Amino acid sequence: MSQKVTVASDWLCGCAGCHMSLLDIDERIIELVQHATLTSTPVTDLKHPPEQGVTVGILEGGVNNSANEAVAKMMRERSRILIALGDCAVFGGVPTMRNTVGIGDALRRAYVETESTVDGKIPDDPEIACMQVCRPVDQVVPVDIYLPGCAPSADAIWYVLSELLAGRMPELHGKFLDWH
Ligand code: SF4
């Protein structure tokens, strides 16, 4: 990719730790912005990738509800290359633990039965996203690059981004797949 590439990121059902690890590339972010335009991230004013699309889309987190599904589909439609960033995006991660009890029981436990709850009620406003079985991103949209880890190291994230900036598809192996 010789011309400046565009990069967008967003998060689904995750803890933001993968985005924190992205920020941990530290001074290399200067090199990143020299070669790439960050169009939209959860921490910028523009939250969604532009309609004209981006070169690289990055998704953190699993798909946990109807809002996550819409975000994942928009990012896929608008990204030439889609990265699943972190264990939650790649495998579903910790939130998939609630799949074992079912949505109804999980909602009841969270909103009604917790020890600190008095007169709890499961939210039912139609404006609120509908909870779904929690899934990894590739069960909803095709993924091009998988970068596991909780969170992936800054070095692994930088390796992936710098390879893409150089016009190569990253090959993840060895130290870049270390578990944290
Ligand atoms: S993979 Fe780990 S750091 Fe990333 S969103 Fe999931 S729990 Fe957080």
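This is a predicted model: local features need pLDDT of at least 70, side-chain atom pairs count only at pLDDT 80 or more; totals for chains, interfaces and linings use all residues.
Strand 1 and strand 2 run parallel and are joined by 4 bridges. On strand 1 there is also a link to strand 3: these two run parallel as well, with 5 bridges between them. One of the residues to look for here is Trp11, whose bridge partner in strand 3 is Glu60. Now zoom out, and you will see an open sheet of 5 strands in the order 2-1-3-5-7, with parallel pairing. Its edge strands are strand 2 (36–40) and strand 7 (145–147), each of which pairs on one side only. Neighbouring strands are turned against each other by 25° on average, direction ignored.

To find the spot, look for Ala84, which has Tyr146 in strand 7 as its bridge partner.

Next, look at the helices around the sheet. Helix 2 (residues 28–35) packs on the sheet and touches strand 1 (5–11) and strand 2, with its direction at about 90° to that of strand 2. Helix 3 (residues 66–78) lies across strand 1, strand 3 (54–60) and strand 5, and runs at about 135° to strand 5. How many of the 7 residues of strand 1 are buried? The count is 5, so strand 1 is largely enclosed by the rest of the structure.

Finally, let's turn to charges. Side chains of opposite charge can pair when their charged atoms come close. The structure holds 9 salt bridges. In one of them, the side chains of Glu69 and Arg135 meet at 3.4 Å, N to O. Glu69 sits in helix 3 and Arg135 in strand 6 (residues 131–135), so this pair ties together parts that are 66 residues apart in sequence. Both Glu69 and Arg135 are buried, and together with Lys73 they are linked in a network of salt bridges.

Asp144 and Arg76 meet in a salt bridge of 3.0 Å, N to O. Asp144 is in the loop between strand 6 and strand 7, while Arg76 is in helix 3, 68 residues apart. Are these two residues buried or exposed? Asp144 counts as partly exposed because its relative accessibility is 37%, whereas Arg76, at 16%, counts as buried.

Methods: Residues are numbered from 1 along each chain as its sequence is written. Side-chain values use heavy atoms; hydrogens and water are left out. Two strands pair if DSSP finds at least two bridges between them. Axes are lines fitted to C-alpha atoms, for helices over the stretch in contact, and angles run from 0 to 180 degrees between N-to-C directions. Contact means heavy atoms within 4.5 Å. Buried means under 20% relative accessible area, exposed over 50%, partly exposed in between (1.4 Å probe, protein chains only). A salt bridge is a side-chain nitrogen of Lys or Arg within 4 Å of a carboxyl oxygen of Asp or Glu.
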